[in-house]
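Student: I have a model open on my screen and would like to learn how to read its features. Could you walk me through a few of them?

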Amino acid sequence: MMAFYRHSNDLIPERRDIVGTDLRRDEHDFQVIRRGRKFGRITKRGSSIWALPLVFLLFIYLVVSALKLHFHSEFSKLESSISFSRDIQEDTLDIDESVKPKQKHHKQHLPCKVGFLESVDDLVEPQSYRNFTEISLRYVNREEKSDSNQFEPRFGGHQTLEEREKSFYATNQTIHCGFVKGPDGFQSTGFDLDEKDKRYMNLCTIVVSSCIFGSSDFLRRPTRSRISEYSKRNICFVMFMDKETLSKLTSEGNAPDDSGHIGLWRVVIVKNLPYKDMRRTGKVPKFLSHRLFPSSRYSIWLDSKMRLQTDPMLIIEYFLWRKGAEYAISNHYDRHCVSEEVFQNKRLNKYNHTAIDEQYTFYQSDGLTMFDPLNPQNPLPNVPEGSFIVRAHTPMSNLFSCLWFNEVDRFTSRDQLSFAYTYLKLRRMNPDRPFFFNMFKDCERRALAKLFRHRDP
């Protein structure tokens, strides 16, 4: 009897008698043996494939362990030798640990809590705040041609050393303070503004200002959510810039609207920049806000690397009204003596070294000494962080601003070099005319605005 068994799509005859059963069992046993041999060959081949990487990894581990032991031994010998040599050197030379070079660590400077009021609602200037030194200041607006045939009008004028010395006395006077015109027929000395912008600026009573010249920075708008509606309506936010900067900002999508604003900033274009040095040109709006905004009573200056994130009225209340001050600026986050500032400016090549040395030597010959925190005659650190200034436009505040600007005009544009000399000389020459100055903490400055890096050149 025969049947057909389907396997691999082929029909294979299958016997169904007793003999056929024995044959089928034998064939089955043979197939099992063949499969076992095949599986054995596969297993041996797989084992050999996995064994090679394991052996290789074991070899690497042994090599690395040997190298570690070798270098550890050599390093221990070297360390012992150095330690022994150092001990001998200290014993024989008596080395002072304080003069050993130390590894430089970058300090982390963070903002701190400032006790601002909760809101500007019902904020009123205190009556007692207005009791400041009263003097009458007028400004040199024009200079006539001197006897020299090489006369050239300058924005800062041609102040003599005698005029400079007299200007430090807090008396009724006419003082050089920028914006000096030459005789009739001479060209403008610079910082020319459109008449429409002048009319706008003449109406400002409280000002927040900044500047960007030479496309040296990005435009950073004040954080609108942090500025009260009162401040938005009553405070002028003015950003001075040249045409080059405006063109760059416009190409980046920051074009003024029909009213001349980019966000809260009212853009004011400056034509005919008074100095080739853009840093020196920036000192005009930084120091001379009382001249640019003749009707203003208060002003806040912030560098273009900062984004204002505090309401201006809260700043004025805290740093001026509450402290009874007419001028407020923060101390430097790292340096407190002019000598340190001189060294740092030269080390980083911030300005011509000879010009820095000449300025510092001149100041030392006129009484500037090293800062001593224990000396009561040195009430302030000698170096400010000048990126944020809060001031009332009082006579003494205006005088100090003019004096500081004149130093920047005469010497280097690094205003941190001239701050201490200007302030201490004004104070020394007017002992009976107080100047109420508030030098606040740098961490408070960092709480007022967010700091960024300047645009790469």
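Tutor: Gladly! Let's begin with aromatic rings: ring pairs link Phe155, Phe179, Phe191, Phe213, Phe240, Tyr275, Phe293 and Phe405 into a cluster. Keep in mind that this is a predicted model.

Student: How many aromatic pairs are there by this rule?

Tutor: The general idea is that a pair of aromatic rings is described by the distance of the centres and the angle of the planes. In this structure the count comes to 38 aromatic pairs.

Student: How many bridges join strand 7 to strand 8?

Tutor: There are 2 bridges, and the two strands run antiparallel. To find the place on your screen, look for Ile262, which stands opposite Trp265 in strand 8.

Student: What about disulfides: how many does the structure hold?

Tutor: In general, a disulfide is a covalent bond between the sulfur atoms of two cysteines. This structure holds 3 disulfides. One of them joins Cys112 to Cys443, with an S to S distance of 2.1 Å. The link of Cys112 and Cys443 is right-handed, with 70° about the S-S bond.

Student: Which parts does the pair of Cys112 and Cys443 tie together?

Tutor: Cys112 lies in the loop between helix 1 (18-93) and strand 3 (137-139), while Cys443 belongs to helix 14 (residues 442-448), so the pair ties together parts that are 331 residues apart in sequence.

Student: Last topic: cavities. What is the volume of the largest cavity?

Tutor: Rolling a probe the size of a water molecule over the atoms shows where empty space is left. Here the count comes to 1 cavity of 30 Å³ or more, with a volume of about 30 Å³.

Student: Which element gives the most to the lining of the largest cavity?

Tutor: That is strand 9, with 3 residues. The lining includes Ser299, Ile300 and Trp301, and its residues divide into 4 nonpolar, 3 polar and 2 charged.

Technical notes:
Residues numbered from 1 in each chain as written. Predicted model: local features only at pLDDT ≥ 70, side-chain atom pairs only at ≥ 80, totals over all residues. Heavy atoms only, no water. 1 Å grid on protein atoms, 1.4 Å probe; cavity = no way out; pocket = protein on both sides within 12 Å on 5 of 7 lines; lining within 4 Å. Points joined across faces, edges and corners; volume = space filled by probe spheres on them. Helix = DSSP H or I, 4+ residues; strand = E, 2+ residues; numbered from the N terminus. Nonpolar A, V, L, I, M, F, W, Y, C, P; charged D, E, K, R; others polar. Phe/Tyr/Trp six-rings, centres within 6.5 Å; stacked < 30°, edge-to-face > 60°. Pairing = 2+ DSSP bridges. Disulfide = S-S within 2.5 Å.
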